[in-house]
Amino acid sequence: MSSLKAEGTVERAMNIMHNGLAILQQGRVLVTDRLHGHILSVLLDIPHVLLDNCHQKLSSFHNTWTRGLKNCRLADNAEDAARYVMELLDEYGDSLPPRLTAADIKEKL
């Protein structure tokens, strides 16, 4: 990874962020059990499924802040997550959101 070749801490962090954004934007639907995965998917307009855990951190955040999003589903288990992935694939077809950079995300905020 190019992030390992950066000379300074800031450069390394920026490279890691850009690599992460590129990875997230490769697929058509993301399944995540991480809050940051959800937040980045929202900012990047990536259809995604939240797979909640026993602490219900994701469902609490989703129900409070992002419940109305059309490109997000909340699943309690892997079977529900797979079903929601298929729904999102049917809904969005082969369309992918445009690739965005960190600068593009900053402009959306």
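**Charge pairs and their setting**

Tutor: Aspartate 33 is partly exposed, because its relative accessible area of 41% falls between the 20% limit for buried and the 50% limit for exposed. Happy to start there, with one reminder: this is a predicted model. The side chain of aspartate 33 meets that of arginine 34 in a salt bridge, with N and O 3.9 Å apart. The cut-off for such a pair is 4 Å. Arginine 34 counts as exposed, since its relative accessibility is 56%. Arginine 34 belongs to the loop between strand E1 (30-32) and H2. From there to asparagine 53 is 19 residues in sequence, and the two C-alpha atoms lie 9.6 Å apart in space.

How many salt bridges does a search of the whole structure find? The count is 5. In general, side chains of opposite charge can pair when their charged atoms come close.

Now for arginine 73. Its side chain forms a salt bridge with that of glutamate 87, at 3.5 Å from N to O. Arginine 73 sits in strand E3 (residues 72-75) and glutamate 87 in helix H4 (residues 78-92), so this pair ties together parts 14 residues apart in sequence. Arginine 73 also forms a salt bridge with glutamate 91, whose closest N and O atoms are 2.9 Å apart. Here again the link is between distant parts of the chain, glutamate 91 in helix H4 and arginine 73 in strand E3, 18 residues apart.

Is arginine 73 buried or exposed? It is buried, because its relative accessible area is 17%, and the limit is 20%. Its two partners are partly exposed: glutamate 87 has 32% relative accessibility, and glutamate 91 has 44%.

With the charges placed, let's turn to the surroundings. Histidine 62, in helix H3 (residues 57-66), is buried at 6% relative accessible area. Leaving out residues up to four places away in sequence, histidine 62 touches His38, Leu50, Arg67, Cys72 and Leu74. One of these, His38, is among the buried residues of helix H2 (residues 35-44), along with Leu35, Gly37, Ser41, Leu43 and Leu44. Just after H2, aspartate 45 takes a positive phi of about 60°.

Leu44 turns up again in a cavity lining, together with Gln25, Ile46, Pro97, Pro98 and Arg99. That largest cavity holds about 30 Å³ of space.

Valine 10, part of helix H1 (residues 9-24), counts as exposed at 59% relative accessibility.

Stepping back, the protein has 5 helices and 3 strands, running α-β-α-β-α-β-α-α from the N terminus. Of its 109 residues, 34% are buried. The accessible surface comes to about 7300 Å², with 56% belonging to carbon and sulfur atoms. Among contacts between residues at least 6 apart in sequence, 48% join residues at least 24 apart.

Technical notes: Residues are numbered from 1 along each chain as its sequence is written. This is a predicted model: local features need pLDDT of at least 70, side-chain atom pairs count only at pLDDT 80 or more; totals for chains, interfaces and linings use all residues. Side-chain values use heavy atoms; hydrogens and water are left out. Helices (H or I, at least four residues) and strands (E, at least two) are DSSP runs, numbered from the N terminus. Buried means under 20% relative accessible area, exposed over 50%, partly exposed in between (1.4 Å probe, protein chains only). Contact means heavy atoms within 4.5 Å. Accessible areas come from the Shrake-Rupley method with a 1.4 Å probe; for residues, only the protein chains shown count as cover. On a 1 Å grid over the protein atoms alone, a cavity is a set of points where a 1.4 Å probe fits but cannot get out, and a pocket is an open set with protein on both sides within 12 Å along at least five of seven lines; lining residues have an atom within 4 Å of a point. Grid points are joined across faces, edges and corners, and a volume is the space filled by probe spheres set on the points.
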